[in-house]
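Student: Could we go through this structure together? I would like to begin with the backbone and then turn to the rings.

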Amino acid sequence: MSQAIQTSAKKITVLGTGTMGAAIARNLRKKGFIVSVWNRTYEKAKALAEFGITVHEQVQEAVSGADIILTMLKDGSAISEVMDSALLGLSKGTIWIQASTVGIAANEQLEAIAAENDLTYFDAPVQGTKGPAELGKLIIIASGSLFGRHIVQSVFDAIGQRTVWVSEQSGMSSRLKLALNSWAFALTHGIAESLSIAESLGIEPSLVIDVVKDGPMDSLYFQLKSAAIMAGNYDPSFSLDNAIKDAELIVEASKSAGVKVDSVEAGLKRWKRAQQAGHGSKDMAATYFAKSL
């Protein structure tokens, strides 16, 4: 890595400008980074130019000259495919922050791509959805070499409220993210089922919320998801389709580890019913619709 990059890595490229990637790019620009972006669908990324962000149609052009690249794409296969093209424009020693939730096997494949091409790789999935991403309040779950941490920390500080350094061993963050997602998914299904049980028994579902409020079972997450369900607002903070993808990663990893995850498997079946009924693009709270499917 060049001395210039060691002291001040300010040019960063974000690959993938969906709900999370676009918010990350905007926050990086606000914090003074020189930001370029690429998205598979160019038209969806064009609006970022209004924020002083350079939008590229070709991924090789987007990463050319970047000190750091950050991937925020759907899954490991999508990232691997994009990186195959991006490698033509990358210099050796470039820092690669992999911020998507890809699971264990895919992370190992991406880490191998980085090693084969002399890229400095950080496994750094994020905890948080649309709201925290827009506010720069994500929790960064990071693993990677001590070398270069001071550089990526400046990126994490721009997009998150806190960084948890898990390990020097890449891949440990991806493992932790699966455990964390299992908890988020259990909460989501639990809220939806509780409200639907009340309704089916002739009880106003809002009474569930009234009883939980300010008690030991209350949380901001409970308040946000229950309010969204009650209002019929399923604008995606984290889509049901993405929840299915991540739940499948949890089931796969847990089976390999010999751990039974009955609630994750049951929740996955519930989400798939809702997906088949046409709710996949909605927020994962749309598990509520599975009550009668």
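**Backbone and ring contacts**

Tutor: Asp-118 is found in the loop between α6 (104-116) and β6 (120-123); helices (H or I, at least four residues) and strands (E, at least two) are DSSP runs, numbered from the N terminus. The model is predicted, so local features need pLDDT of at least 70 and side-chain atom pairs count only at pLDDT 80 or more, while totals for chains, interfaces and linings use all residues. Residues are numbered from 1 along each chain as its sequence is written, and side-chain values use heavy atoms, with hydrogens and water left out.

Student: What is the phi of Asp-118 near?

Tutor: Phi of Asp-118 is near 60°, a positive value in a residue other than glycine. Most residues other than glycine have a negative phi.

Student: Is Asp-214 buried or exposed?

Tutor: Asp-214 counts as exposed, at 69% relative accessibility; buried means under 20% relative accessible area, exposed over 50%, and partly exposed in between (1.4 Å probe, protein chains only). Asp-214 has a positive phi of about 65° although it is not a glycine, and it lies in the loop between α10 (206-212) and α11 (220-231). Asp-118, with a relative accessible area of 42%, is partly exposed.

Student: On to the strands: in which sense do β8 and β9 pair?

Tutor: Strand β8 (residues 138-143) and strand β9 (residues 160-167) pair in the parallel sense over 6 bridges; pairing requires that DSSP finds at least two bridges between two strands. The chain crosses from β8 through helix α8 (residues 149-159) to β9, and this β-α-β crossover is right-handed, that is, with the strands pointing away from the viewer, the path from the first strand over the helix to the second runs clockwise.

Student: And how many aromatic pairs are there?

Tutor: A search of the whole structure finds 5 aromatic pairs. Rings of Phe, Tyr and Trp (its six-membered ring) pair if their centres lie within 6.5 Å; planes under 30 degrees apart count as stacked, over 60 as edge-to-face and the rest as tilted. The pair of Phe-156 and Trp-165 is tilted because the planes are at 50°, with the ring centres 5.9 Å apart. Phe-156 is buried at 1% relative accessibility, whereas Trp-165 is partly exposed at 25%.

Student: Which residues form one aromatic cluster?

Tutor: Phe-122, Phe-156 and Trp-165 form that cluster.
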